[in-house]
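Hello,

Here is the structure you were waiting for. Please open it first, then read the notes below.

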Amino acid sequence: MNRHDDFFPLGPKPSTTGTIFYLLFGPLLWAGQLTVAYGGHTLACVRGSSPELADAIVIVVTALALVALTGFLIWQDRCARALGQPALPARDRATDSMARLLVVLSLPAVLWGGATVGLVAACVAGR
Amino acid sequence: MSDFRRSLPNPETRSEQEVDELLRIWAVPKGFRIVTAVNNTVIGLLYIGAAFLFFLLAGVLALLMRTQLAVPDNDFLSQDLYNQIFTVHGTTMMFLFAVPAVEALGVMLLPQMLAARDLPFPRLSAFAIWAYVVGGLVFFSTVFYDLAPKGGWFMYTPLTLKEFSPGDNADFWLLGIGFIEISAIAGAIEIVVGTLRTRPPGMSLTKMPIFAWSMLIFAAMIMFAFPAVILGTMLLEIERSFGWPFFTATKGGDPLLWQHLFWFFGHPEVYIIFLPAAGLVSMIVPTMARRPLIGYRLIVVALIGTGFFSFGLWVHHMFTTGIPSLSLAFFSAASMAVAIPSGIQVFSWIATMAASRGGFRITTPSLFVIGFLVVFTIGGLTGVMVALVPVDYQVHDTYFVVAHFHYVLIGGMVFPLIATFYYWMPLATGRLLSERVGRWVFWLMFGGFNIAFFPMHITGLRGMPRRVWTYPEGLGWDALNMISTVGAYVFAAGVAIFVVDLIRSHLRPANAPQNPWGAGTLEWLPNDVYSTRSIPFVTSREPLWDDPTLPQEVRGGHHFLPNAPTGGRETIVTSAIEAKPQYIIRMPGPGWEHLIAAVFTAAFFLLLTVKLVVPALICGVIAIAACLVWAWGLDPGPSKGAVEIGAGIRLPTYESGPSSHSWWAMVVLIFVAGSLYVAYVFSYLYLWVVSPQVWAGHGSPDLPSAVWPVTIALLAIAGSATMRAAGRLLPDPGTRRATPLLLIATGSLGLIAAVALEMLGHWQSGLRPTESAYGAMVYMQSALNGQLAFTLFIMSGFAIARLLTGKLDHVRRVSFDNLAVLYYYVAAQLLVGLLLIHGFPRVAG
């Protein structure tokens with residue numbers, strides 16, 4: 001009779017919740033940027049009547065998101081371990097590469113959204 | 001070949017009696033009892049059949065519309081009937097065809113692709129399907145009685161308010177579609193837990209077939225998108241029935257709130273439909289190219305990216321509503337960003353085709369895949385055009401948009417669906433469809449589609465608005481409309497021939513080869529009603545290509561769980577990330593409960609629509625009773641002990657707490673409830689931004705004193721502590737104890753008291769829900785909390801009944817764990833609500 005370890009060698013186990021956050025790090029940051037930027041500038045325009053504040057909110061949240069995304073790319077191994085992933089070489093390389101690619105995909109989305117500040121005036125009715 | 005192949009989980013010769021036992025256990029009921037079946041292969045076929053029927057019915061409505069529009073000044077249809085027809089056409093295609101069709105494919109194909117005996121909640125799937133079939137047929141039939149809604153598939157306010165849409169027509173949409181959305185959520189729970197917990201041993205997340213990935217993302221998107229429109233339909237129905245002015249501008253409401261809620265669902269809905277179709281294409285292309293998909297990781301990344309980005313686009317449906325320009329630019333950028341992941345998938349498919357081994361095989365499924373690539377790419381490009389705000393201003397609500405979304409939806413979903421029929425038909429019925437007829441079908445559908453819809457781009461650019469029932473001649477639209485109508489009939493001819501071929505194939509013997517296309521994924525393993533004889537150990541993404549002996553090994557019972565050790569329906573539950581075996585899930589067999597629950601749930605909503613309140617309530621009680629009877633048998637307890645599945649692995653046959661599948665399902669349900677509540681918070685803040693003059697202290701009575709929220713908060717916190725104590729004091733198996741019973745009852749009643757106090761506090765302050773949007777939002781919060789408290793009340797009664805009958809103890813405790821986790825969530829929502837309702841107006845001033 002075969003033993004369990006032949007099929008499922010013992011080793012460090014990735015955290016389930018951690019893996020989800022690790023994999024979705026980029027898109028979650030993008031979602032956070034969109035939410036804060038959209039909600040923040042709407043409030044600044046409608047209740048504060050302050051285009052400068054609206055612009056500032058979008059710029060700050062975009063900059064923070066870009067720093068976090070870039071930080072992930074530079075220190076991916078640390079981020080992985082902080083999110084419950086086993087150390088290399090036990091870590092699943094496919095998960096690593098998907099997480100990295102999702103961050104790379106989120107970078108232009110964040111940058112693109114934030115760049116709108118430089119293109120149009122805040123708080124002016126679109127139509 | 002990997003090392004593990006040197007040995008198999010069950011290398012010894014297995015008895016054929018095990019197969020007989022599997023056949024007996026998984027047998028499909030015969031005769032009229034087939035309606036009690038829960039096997040995924042049976043209910044999956046019913047589901048896809050019903051969805052396709054709705055496609056045909058809505059298609060007939062489309063032909064009626066095209067006939068009306070063929071020539072100017074036509075009076076083939078009246079204006080009123082035309083309005084009903086375009087509303088029912090759009091609603092049916094989106095809610096009764098597209099989403100159910102892909103959900104059906106998930107129910108039908110996922111267990112086979114994951115080599116699971118079935119998904120973890122087969123009765124829930126069956127319930128969702130029957131509720132959808134009954135409710136969908138009743139909803140569609142309204143078009144025959146002049147009772148169909150007329151407000152378009154998006155039912156914009158204020159047109160759909162009682163003042164402008166009297167009668168029950170709009171209510172049929174709101175209540176009918178509302179509960180079909182609930183059916184979709186039930187399906188989504190099944191798919192999320194199924195893909196994460198019933199994969200075969202060894203199939204880690206990153207080895208999962210792309211279709212399973214796409215279904216996982218599809219179901220996750222349903223969890224977060226559908227609650228927004230469920231809240232929207234609740235608000236609109238309450239305003240229509242009771243006059244709470246959420247959307248009435250004169251009382252501080254805003255019709256645009258409906259658009260926000262609708263499109264927060266409606267735009268992701270497009271991708272909810274498209275992603276599974278893309279997943280199907282990602283399965284067909286490698287088979288026809290005879291090589292693994294190029295860019296598997298990139299495609300997964302693209303699916304996840306699309307799923308996320310699709311939630312940041314909803315405002316692009318509202319570009320012309322007077323939104324600040326920065327918002328427009330923001331959503332315009334996001335709308336263009338979503339083209340990147342879609343492009344990644346298209347290039348991966350093209351690269352896989354180009355790198356085919358021995359040339360890309362041109363079969364009927366491949367033709368439909370190629371047609372999909374062409375049509376969907378054109379739709380995607382016009383999508384980028386309408387994402388540009390100035391272009392959208394010009395073409396908004398014109399036939400250009402009609403052309404765009406039909407290119408996306410028919411290209412992105414219908415073409416892959418027909419490819420799916422041709423590709424997976426041998427799996428479902430053991431029969432191949434005709435390749436010769438299939439080519440006729442493809443060219444008629446592809447040609448007819450482009451003849452019908454390409455001219456609409458020009459018709460739209462020439463200014464023809466959507467939803468007009470006729471038009472005067474001489475505006476440059478006459479010939480284009482005639483061409484579109486001819487194309488629609490050509491397309492319909494293709495569909496008709498497909499249906500004939502479908503029927504014809506059933507007259508032939510079921511003699512298709514086991515793996516007719518030479519595919520590499522698990523659904524093509526030898527299978528029967530019990531799925532595969534044994535559940536394979538998986539080490540690659542195309543196991544059938546990498547291990548040609550796998551079918552024989554699986555058929556011989558040499559992999560995991562080659563028998564039925566508990567004597568009932570069961571499958572292996574594995575860990576969510578690495579797919580290591582964890583325990584055996586015991587699943588229910590055929591029964592009437594889910595069917596009764598579905599029929600009476602449908603009846604409850606539909607009778608409510610026509611204001612037959614008492615019969616509706618009776619049906620509601622019967623539906624709840626059926627659900628309770630159904631749930632009574634779902635917690636079998638650990639009586640079967642641990643069983644051997646192979647490789648010396650013994651697994652428990654019972655699990656409770658965070659590792660159990662039922663706990664996961666409850667957490668998914670809590671995410672749904674949380675999404676609905678977030679949509680409510682958004683609505684509250686949105687209306688405050690729009691109409692601060694009706695808020696407390698301005699146009700409405702002052703807030704109740706702080707004693708009220710403090711008392712309510714204490715009740716919620718004390719109730720949670722009570723529930724926690726009840727969990728710790730559950731009796732030992734075989735013994736009884738009264739304390740947990742009293743604690744559960746106290747906790748449940750405490751929560752109901754908290755909700756009642758919240759309403760009473762506002763009522764005594766003089767606030768009324770009908771007087772302003774603020775009052776309506778305040779009481780709406782209690783309505784949301786109240787329905788959850790009512791659910792907990794029922795669940796508490798259920799747990800108490802199990803305690804009294806000795807079926808709930810500190811080991812056999814699934815029903816209590818589910819109650820407790822939902823209770824903590826509801827208490828937390830109630831506390832957040834207190835901060836919002838009592839704290840926010842004080843801070844915001």
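**The interface between the chains**

Chain B puts 57 residues into the contact and chain A puts in 53, where contact means heavy atoms within 4.5 Å. This is a predicted model: local features need pLDDT of at least 70, side-chain atom pairs count only at pLDDT 80 or more, and totals for chains, interfaces and linings use all residues. Residues are numbered from 1 along each chain as its sequence is written, chains are lettered from A and ligands numbered from 1 in the order in which they are written, and side-chain values use heavy atoms, with hydrogens and water left out.

About 4,600 Å² is buried between chain B and chain A. Carbon and sulfur atoms give 77% of that area. Buried area is the accessible area (1.4 Å probe) that two parts lose on being put together, summed over both. On the chain B side, B:Phe308, B:Leu326 and B:Phe330 lose the most area to chain A, together 17% of what that side buries.

Axes are lines fitted to C-alpha atoms, for helices over the stretch in contact, and angles run from 0 to 180 degrees between N-to-C directions. Ala, Val, Leu, Ile, Met, Phe, Trp, Tyr, Cys and Pro count as nonpolar, Asp, Glu, Lys and Arg as charged, and the others, Gly among them, as polar.

Within chain B, α8 (residues 296-309) packs on α10 (residues 339-354) at about 155 degrees, axes 8 Å apart. α8(B) and α10(B) are therefore roughly antiparallel. Among the residues that meet are B:Leu303 in α8(B) and B:Trp349 in α10(B). This contact has eight nonpolar, five polar and no charged residues.

**Annotated spans in chain A**

An unreviewed UniProt entry places "transmembrane region" at residues 20-41, 53-75 and 101-125 of chain A; such annotations may be inferred rather than shown by experiment. Residues 20-41 are 95% helix and 0% strand, with end C-alpha atoms 30 Å apart. Residues 53-75 are 96% helix and 0% strand, with ends 32 Å apart by C-alpha atoms.

Best wishes

How values were computed:
Helix = DSSP H or I, 4+ residues; strand = E, 2+ residues; numbered from the N terminus. Parallel < 35°, antiparallel > 145°, perpendicular 65-115°, else oblique.
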